[in-house]
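Student: I am new to this structure and would like a close look at a single part of it. Could you take me through one residue and its surroundings with some care?

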Amino acid sequence: MKSKKAGAQQKKAKLAVWKFASCDGCQLSLLDLEDELLLLANSVEIAFFLEASSRVLPGPYDVSLVEGSITTREDQQRIQDVRKQSKTLISIGACATSGGIQALRNFADVDEFTRHVYATPAYIQTLTTSSAISEHVAVDYELRGCPVNKYQLVEVLTSTLHGKAPSIPNESVCMECKRQGQTCVIVANNTACLGPITHAGCGAICPRYCRGCYGCYGPKEQCKPAPLSQKLLERAAKGSASQNELARLFRTFNCNSTEFRAESLLQEERAQKAKKHS
Amino acid sequence: MKRALSSCVAEGAEGLRRIFDQVKNQSRCVYGYGLSHPAANALELCELFGFEDLPRGVVSNYAPGHASLEKEREDQTCSSFFRHTPGATSPKSIQLPPRRVIWKANRTKEDHQKFQIALASAEQQKSNTLQPNPEILPVAFFGIRSCDLRAMHTLQNVFDVQGQGVPKSAAEMPLLITASCVEPGHNCFCTSFGYGPECQDSDLNITECFVEEEVQHNKGSESALEKTKCEQGKTARKQIFVVDAHTTRGRPIVEALSKDQHLRHASQHETALLTATLKRSQQRLKEFIAARVPNEENRSKVWAGADIAKQLRDQARSKNWETIAESCLSCGNCTMVCPTCFCTTVEDSIDLEAQRSERTQVWDSCFTAGHSYVHGGTVHKSTPSRYRQWMMHKLSSWHDQFGESGCVGCGRCTTWCPVGIDFLASAYQMTKGVE
């Protein structure tokens with residue numbers, strides 16, 4: 001995006017970090033950049049980042065990082081404003097890229113929720129769904145993960161600042177897992193693992209500790225959950241997931257992504273049918 | 001079966017320890033199959049720091065998409081060392097590391113438009129292609145199998161053809177100590193390629209045999225071989241290691257050990273035992289292959305030849321690829337564990353201030369969208385087309401490209417496929433054509 005004379009007193013790019021419905025974990029990844037934080041502060045003008053500083057500079061902004069999903073009417077409007085003020089808009093994390101864990105409401109009746117949870121439900125104004133940023137405005141880049149990988153965040157920022165394509169592969173978690181010489185937990189331990197259909201990026205943290213992948217980075221390109229579900233069910237007797245557990249496995253941080261949503265609904269339906277029969 | 005003129009014998013675990021120590025003494029480091037941690041459910045290729053790191057009393061159990069380890073009954077006197085088959089990782093991870101920096105560039109202080117480029121050091125590159133500095137001791141592989149060795153040759157051939165190979169003297173080559181597969185895995189099919197289960201082109205090959213010390217009148221030696229569990233008390237089972245040196249590097253090891261009386265010439269009985277052990281292994285392999293390739297005529301064909309290459313080529317446009325790849329997740333596990341899959345990609349990274357840049361070579365897979373990405377988009381968009389690309393490269397176009405088969409029949413792709421797609425059965429189905 002910028003490649004003026006390096007070293008010369010060039011104007012620093014203005015960075016803004018926005019929060020929508022989220023837990024703040026992805027923004028925190030930015031503050032968690034212990035080794036790179038000073039370098040980052042040196043390379044960009046941090047113009048809007050309420051989690052870090054109350055100093056707010058007016059827009060427009062060169063790069064906007066957007067965290068969180070859209071769950072209220074106000075947010076629906078606010079994201080339009082953010083888009084208007086941003087040259088480059090990057091949505092970060094599972095909430096911003098697919099709707100997050102709060103998209104569980106998309107599978108249920110929100111009115112019923114509010115009636116059960118709040119003493120005066122009439123005070124609550126919320127949308128019936130939680131949706132990704134890209135469903136509302138044009139997004140220049142989506143960085144997956146719950147939370148995002150801080151090194152990938154630096155990679156995306158650096159690439160954006162210097163006009164290079166980010167090295168963020170859209171392959172499966174298995175690729176990262178095997179490059180590290182990890183033993184497959186499905187094949188060797190019958191563990192329910194979503195690695196083969198999940199987008200890489202986390203460095204295969206869970207399989208590295210002999211646990212199955214939870215699909216925090218959402219569906220990978222060419223994501224086909226059905227054959228994996230079938231195999232995991234075949235292994236259910238050996239400790240893998242049951243139909244109900246599978247439905248829940250697909251219904252976590254990326255429950256609103258097309259492939260995971262469809263699969264969780266399918267497994268839920270089958271589990272209910274099986275229950276009726278028995 | 002061609003046999004080395006005089007096989008030698010090392011007795012028991014102590015005998016094997018002598019061989020291991022001899023190899024360890026004359027190498028920089030020893031790689032072999034071991035357990036990455038005591039509770040591991042599979043063997044991996046790892047560095048063996050001592051004889052104790054060899055997996056003892058462990059039998060591997062493989063099926064499509066399934067791997068487990070069985071522990072033999074605790075018995076210090078005769079638990080086996082080589083009744084397992086190759087682990088998930090292969091010598092590929094040493095020949096072609098999963099990640100390696102190719103070059104680094106730094107902006108020069110004087111002129112910001114100029115860069116200083118540092119290539120990965122020649123020495124590092126050398127050690128990566130298994131050609132260490134001749135002044136340093138070579139790397140050794142201990143207990144790898146004939147399929148591993150064949151895969152190493154296949155991969156080296158790829159490097160040579162692609163011009164990545166560096167001419168090397170024999171002393172720079174790794175020391176290769178192989179073990180015969182006395183207990184082949186269910187997914188193995190090396191014999192389809194006309195070799196195995198023993199290895200005849202390594203420096204030294206070890207075959208583990210069990211002898212019934214005091215053969216009881218009601219138990220013949222044949223049934224003793226069939227015994228999988230060591231029954232202490234009833235029949236004393238003795239372990240011998242038949243050693244065959246094939247090269248000028250293997251022979252001195254045998255000579256040194258013979259001089260110290262740790263090795264002796266095999267008796268006639270022991271040679272017969274060796275033949276019987278290998279024959280039994282071959283027979284089992286035949287059964288495993290027959291279970292997946294029902295057609296007798298097809299089974300007996302040597303798959304290493306150009307025949308299969310042509311048969312598959314004729315099926316390039318077949319609709320069957322979609323059936324075969326129906327359950328394929330396109331996750332890339334098969335290509336990652338394949339000992340000959342050599343595809344890599346590069347990742348470029350720069351620092352925040354754009355002062356430094358780095359290019360890293362990383363294992364890639366033909367099952368990713370990026371692998372076939374060219375100007376305008378990805379060529380292999382669908383999973384069946386990626387599966388076809390993979391299988392046809394392994395068994396067909398590898399012949400055109402490198403003059404041999406890209407598959408060695410180790411069966412790793414079948415074992416480590418999360419949904420258990422059987423490569424051999426699929427290849428057989430494809431060659432049958434449209435029905």
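**A glutamate and its surroundings**

The side chains of B:Glu44 and A:Thr183 are joined by a polar contact of 2.2 Å, a term for a pair of N or O atoms within 3.5 Å in which, within protein, one must be able to donate a hydrogen and the other to accept it, while residues adjacent in sequence count only if both atoms are side-chain atoms. This is a predicted model, in which local features need pLDDT of at least 70 and side-chain atom pairs count only at pLDDT 80 or more, whereas totals for chains, interfaces and linings use all residues. Residues are numbered from 1 along each chain as its sequence is written, chains are lettered from A and ligands numbered from 1 in the order in which they are written, and side-chain values use heavy atoms, with hydrogens and water left out.

In chain B, B:Glu44 belongs to strand β3, residues 43-47 (strands are DSSP runs of E, at least two residues, numbered from the N terminus).

Apart from neighbours within four places in sequence, B:Glu44 has contacts (heavy atoms within 4.5 Å) with A:Gly181, A:Gln182 and A:Thr183 in chain A, and with B:Gly32, B:Tyr33, B:Gly34, B:Ser36, B:Ala88 and B:Thr89 in chain B.

Elsewhere, A:Tyr123 lies in the chain A loop between α5 (110-117) and β5 (141-143), and A:Tyr123 counts as exposed because its relative accessibility is 67%, exposed being over 50%. B:Gln283, in helix α7 (residues 268-292) of chain B, is partly exposed at 41% relative accessible area.

Definitions and conventions. Helices (H or I, at least four residues) and strands (E, at least two) are DSSP runs, numbered from the N terminus. Buried means under 20% relative accessible area, exposed over 50%, partly exposed in between (1.4 Å probe, protein chains only).
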